[in-house]
Amino acid sequence: MGIICSNTLSTPSSSMKSTTPSAGSGGGNYIHVIASGGAAAPKDITIHEASDDIQNTNYPPIYESHFSKLLIPHTLLQERTAQIASHIHNTYDHNEALLIICVLKGSSPFFHLLLQELSGLCHPYMIDFIKVKSYEGLNSSGTVQVGTAGGGGLPKSIQGRHVLIIEDIIDTGLTLSALIPKIKEEKPKSVKVCSMLVKRLGEKEETTDKLDHVLGTNESSGGCAGIDWNLIGFSIPDIFVVGCGLDFNEMYRDLMDLYILGPIGIEGGGYGEDV
């Protein structure tokens with residue numbers, strides 16, 4: 001007989017007050033760590049505080065000189081992921097498996113970090129995978145291709161369940177605006193999005209309006225999903241970031257930390273000077 005987990009976390013609630021990132025003194029050039037309820041106060045980091053000490057981080061030798069700055073170290077990502085997992089555990093019913101869908105490929109490392117934290121909290125969940133592509137090189141392609149890892153339709157397990165979509169980064173919102181309506185057609189109980197990063201394409205109000213429209217918290221979007229800022233890891237400026245699943249032409253997904261891609265990485269097409 002297995003050991004039944006128990007904990008002292010608060011009882012789940014159907015609605016929790018969420019917070020939105022503040023503009024701060026750094027304007028568009030800051031990283032905002034959005035803390036969940038009961039966690040440490042939100043921390044603003046200006047882009048100038050991103051570390052230049054890249055030599056003391058771990059990455060394959062073939063990536064030498066490819067990055068300009070270390071943006072978010074893995075330890076900080078782990079800390080924030082634990083906060084998000086606690087919020088999920090306190091929000092969703094413990095007597096019903098939450099369906100967690102990973103958007104491949106970039107979300108996979110963050111997805112697995114989150115699952116480890118939820119398993120540690122003994123929160124029940126099911127998993128599935130969806131393949132979505134909207135990027136070519138440095139830019140969004142303007143079109144979205146949606147399919148499952150097995151090549152079929154969307155998972156049948158969506159119907160009648162609470163669904164949590166795991167993203168690596170929300171940029172233009174194009175991917176989610178194509179994906180969420182398809183998931184809604186399968187009649188889930190609810191749909192929410194949890195993302196490691198959100199990219200600001202303007203001031204705070206513009207970013208919030210964009211997410212409200214894409215995720216369905218305003219009337220014009222049809223109410224297909226809800227934005228919960230406690231499920232967003234970090235808000236970053238409009239810069240190109242790689243690592244922890246985020247790639248440039250399929251390179252750099254293997255990095256544990258998040259870096260700002262430098263000129264050598266960009267000019268080499270993601271493969272450095274030798275290509």
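Two strands are taken to pair if DSSP finds at least two bridges between them. The legends below describe a predicted model.

**View 1. The open three-stranded sheet has the order β3-β11-β10.** Pairing within this sheet is antiparallel. Four bridges join β3 to strand β11 (residues 258-261) in the antiparallel sense. Leu 258 of β11 is the bridge partner of Ile 72.

**View 2. Helix α1 spans residues 74-91.** From first to last C-alpha, the 18 residues of α1 reach 26 Å, close to the 26 Å expected at 1.5 Å a residue. Helix α1 is mostly covered, with 13 of its 18 residues buried.

**View 3. Tyr 59 and Tyr 259 form one of the eight aromatic pairs in the structure.** The ring centres of Tyr 59 and Tyr 259 lie 6.2 Å apart and the planes meet at 85°, so the pair is edge-to-face. One aromatic cluster is formed by Tyr 59, Tyr 63, Phe 67, Tyr 252 and Tyr 259.

**View 4. Phe 240 and Phe 248 form an edge-to-face pair.** The centres of the Phe 240 and Phe 248 rings are 5.7 Å apart, with their planes at 75°. Phe 240 counts as buried because its relative accessibility is 16%. Phe 248 likewise counts as buried, at 4% relative accessibility.

Conventions:
Residues are numbered from 1 along each chain as its sequence is written. This is a predicted model: local features need pLDDT of at least 70, side-chain atom pairs count only at pLDDT 80 or more; totals for chains, interfaces and linings use all residues. Side-chain values use heavy atoms; hydrogens and water are left out. Helices (H or I, at least four residues) and strands (E, at least two) are DSSP runs, numbered from the N terminus. The expected span of a helix is 1.5 Å times one less than its number of residues. Buried means under 20% relative accessible area, exposed over 50%, partly exposed in between (1.4 Å probe, protein chains only). Rings of Phe, Tyr and Trp (its six-membered ring) pair if their centres lie within 6.5 Å; planes under 30 degrees apart count as stacked, over 60 as edge-to-face and the rest as tilted.
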